[in-house]
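Hi there,

Here is the structure I promised to pass on. Have a look at it first, and my notes follow below.

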Amino acid sequence: MLDPSGPRGSRPRPVLSSRNIIIYGTLFVVAFYYLIPLYVMVVTSLKGMPEIRMGNIFSPPMEITFEPWVKAWATACTGLNCDGLSRGFWNSVIITVPSVIASIAIASVNGYALANWKFKGANIFFTILIVGAFIPYQIMIYPIVIILRDIGLYGSLFGLIIVHCIFGMPILTLLFRNYFSALPQELFKAARVDGAGFWQIFLRIMLPMSLPIFVVAVILQVTGIWNDFLFGVVYTRPDTYPMTVQLNNIVNSVQGVKEYNVNMAATILTGLVPLIIYFASGKLFVRGIAAGAVKG
Amino acid sequence: MSSAGKRPSQLTRNLSAKIASIPMMLTALVIFVGGTAWTVFYSFTNSRLLPRLNFVGFNQYERLWAAPRWNVAVENLAIYGVLMLIFSLLIGFVLAALMDQKIRFEDTFRTIFLYPFALSFIVTGLVWQWLLNPDFGVQAVVRSLGWTSFTFDPLYDQRIVIYGILIAALWQGTGLVMCLMLAGLRGIDEDIWKAARVDGIPTWRTYVQIIIPMMRPVFITTLVIIAASIVKVYDLVVAQTSGGPGISSEVPAKYVYDYMFHAQNLGQGFAASTMMLLSVIIIVIPWAYLEFGGRKHA
């Protein structure tokens with residue numbers, strides 16, 4: 001298990017043994033390598049273009065300027081639109097919030113049905129779902145385009161929300177099924193004896209006990225949907241592009257002079273939401289990926 | 001409502017649960033099975049702008065494997081895939097083993113190793129595009145220190161561009177492998193370590209001969225997760241190189257997207273995505289057999 005840290009007994013070894021030097025030395029070097037890109041992103045975004053052209057990407061800014069951030073947020077151009085990443089940010093918010101709520105609502109009920117109300121054939125669907133999680137999205141992209149076009153949702157926000165619900169379903173259903181299966185079955189049986197039905201038990205007994213798993217699911221989905229690029233680029237139109245797609249268009253656009261500081265500010269802005277969630281959630285994030293991955 | 005009577009009919013039994021499972025059934029049948037079958041089916045047609053039922057046999061596949069771009073993409077994926085598997089498992093395991101030595105600041109180290117995993121491939125690709133920029137990035141910095149002939153510009157060199165992408169992918173993904181491995185190591189009984197110590201077996205041999213074989217399930221699961229993500233690699237390439245220089249960093253997923261939505265050659269896109277599916281089947285089937293075939297899962 002991913003154990004909480006903290007002292008686990010004293011170590012009688014000397015602090016500066018060669019063993020410790022090797023362990024901590026390696027860890028510090030690797031940690032340094034992992035932190036460099038974040039550091040470079042931040043310092044680049046705080047420099048002016050003249051300083052970037054002259055200097056070294058690793059050197060701290062001589063003169064801190066927040067102009068690149070303002071420009072990235074409010075006036076950077078993608079194609080003809082020059083209202084910056086703010087458009088993509090709000091699109092991503094409008095996409096992420098309903099997608100997270102809808103996908104979790106659907107998957108939690110699915111997981112509950114699979115855990116407590118097994119019906120004939122349920123496991124066949126579940127197996128297909130889990131196997132489906134490994135199928136490359138590319139093979140299902142076009143049929144979904146046709147379906148969405150036929151029901152008039154292609155290119156709309158609602159269409160993309162449906163897509164996120166579909167592709168979030170395998171992992172979330174697995175997560176909830178495993179969680180509900182692990183709850184004491186006596187509770188469920190007692191409620192059944194008292195005559196409670198499917199929805200009653202779910203809303204009044206299961207939900208109040210499953211706050212932690214909902215938090216894990218929210219973390220998983222917010223970062224996953226916020227970071228999505230493929231579905232955004234396939235199922236939305238330029239004016240509803242999510243932030244990742246718009247970021248890529250800003251940075252990799254071929255016209256104009258490259259403004260590396262603005263690009264890096266835009267990159268940090270896009271990474272900020274998942275990073276904040278990651279640093280704020282700590283262990284829960286780890287638990288989410290471990291629960292999703294190890295049992296997958 | 002659900003069953004109240006003694007012998008309810010087969011259909012209305014658990015009716016609420018069935019209704020609640022409709023989204024799952026639809027997703028499984030219509031999208032996962034239906035969508036996949038549809039694409040495979042249409043890969044045998046000569047659909048261009050719109051899907052058409054004009055069958056041409058294996059023509060699309062012949063053209064696919066004759067296309068230089070597809071061959072470059074497959075070759076890139078093979079190099080990237082093999083190296084990604086080896087290095088992420090190796091680095092991930094070594095980091096996990098180091099983290100498992102009852103070290104201080106374990107949480108801090110884990111937070112640092114795992115944060116790139118929270119970032120999207122687009123962000124990852126753009127950061128590394130900047131770091132590997134030959135005029136400003138690592139190459140320029142080393143040159144400015146006096147080593148003027150130093151060359152390190154993977155993103156601008158056709159022969160090594162895939163390694164530039166690999167560097168970024170490893171930065172993003174090894175944290176996850178480390179976490180999975182650490183969870184595996186923590187699951188191993190402390191007594192095994194004690195027994196090995198009593199027998200005087202050196203630490204590295206305990207790892208190689210006892211611990212790693214014991215962690216086989218963790219390795220297999222991790223392997224499958226990495227492998228499935230390798231086949232899907234797309235955003236990273238789009239952000240970092242857009243497939244360039246030329247076509248030298250193309251990958252299959254990008255080939256599919258470009259042919260479906262830009263080149264208006266759906267048949268090629270369908271054939272290419274079917275090939276991707278085939279490669280995943282080759283990976284997943286043996287694993288699923290090992291994991292679920294041998295013993296019953298709860």
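At what angle do helix α4 (residues 68-99) and helix α11 (residues 216-231) of chain B pack, and how far apart are their axes? Please keep in mind that this is a predicted model. In it, the angle between the two helices is about 145°, and their axes lie 10 Å apart. The crossing of α4(B) past α11(B) is right-handed. On the α4(B) side, the contact is made by B:L77, B:Y80, B:G81, B:M84, B:L85, B:S88, B:L89 and B:F93. Facing them from α11(B) are B:F219, B:T222, B:L223, B:I226, B:A227, B:I230 and B:V231. Sorted by class, this contact has 12 nonpolar and 3 polar residues, with no charged ones.

Next, the interface between the two chains. Chain B brings 98 residues to the contact and chain A brings 95. About 8600 Å² is buried between them, and carbon and sulfur atoms give 75% of that area. B:M24, B:F32 and B:W130 together supply 9% of what chain B buries against chain A, more than any other three residues. Helix α2 (residues 22-42) of chain B gives the largest share of the side that touches chain A, with 15 residues. That side of chain B is made up of 67 nonpolar, 22 polar and 9 charged residues.

How many salt bridges are there between chain B and chain A? The count is 0.

Leaving aside neighbours within four places in sequence, A:N252 is in contact with A:K258 and, from chain B, with B:L126, B:Q129, B:V238, B:A239 and B:S242.

Finally, salt bridges over all chains come to 13. One of them joins A:E259 and A:K71, with the closest N and O atoms 2.4 Å apart. A:E259 lies in the loop between α12 (243-251) and α13 (260-281) of chain A, while A:K71 lies in helix α3 (residues 67-74) of chain A, so this pair ties together parts that are 188 residues apart in sequence.

Best wishes, and happy browsing!

Methods: Residues are numbered from 1 along each chain as its sequence is written. Chains are lettered from A and ligands numbered from 1 in the order in which they are written. This is a predicted model: local features need pLDDT of at least 70, side-chain atom pairs count only at pLDDT 80 or more; totals for chains, interfaces and linings use all residues. Side-chain values use heavy atoms; hydrogens and water are left out. Contact means heavy atoms within 4.5 Å. Buried area is the accessible area (1.4 Å probe) that two parts lose on being put together, summed over both. A salt bridge is a side-chain nitrogen of Lys or Arg within 4 Å of a carboxyl oxygen of Asp or Glu. Helices (H or I, at least four residues) and strands (E, at least two) are DSSP runs, numbered from the N terminus. Ala, Val, Leu, Ile, Met, Phe, Trp, Tyr, Cys and Pro count as nonpolar, Asp, Glu, Lys and Arg as charged, and the others, Gly among them, as polar. Axes are lines fitted to C-alpha atoms, for helices over the stretch in contact, and angles run from 0 to 180 degrees between N-to-C directions. A crossing is left-handed if the near helix is turned anticlockwise from the far one by less than a right angle, and right-handed if clockwise.
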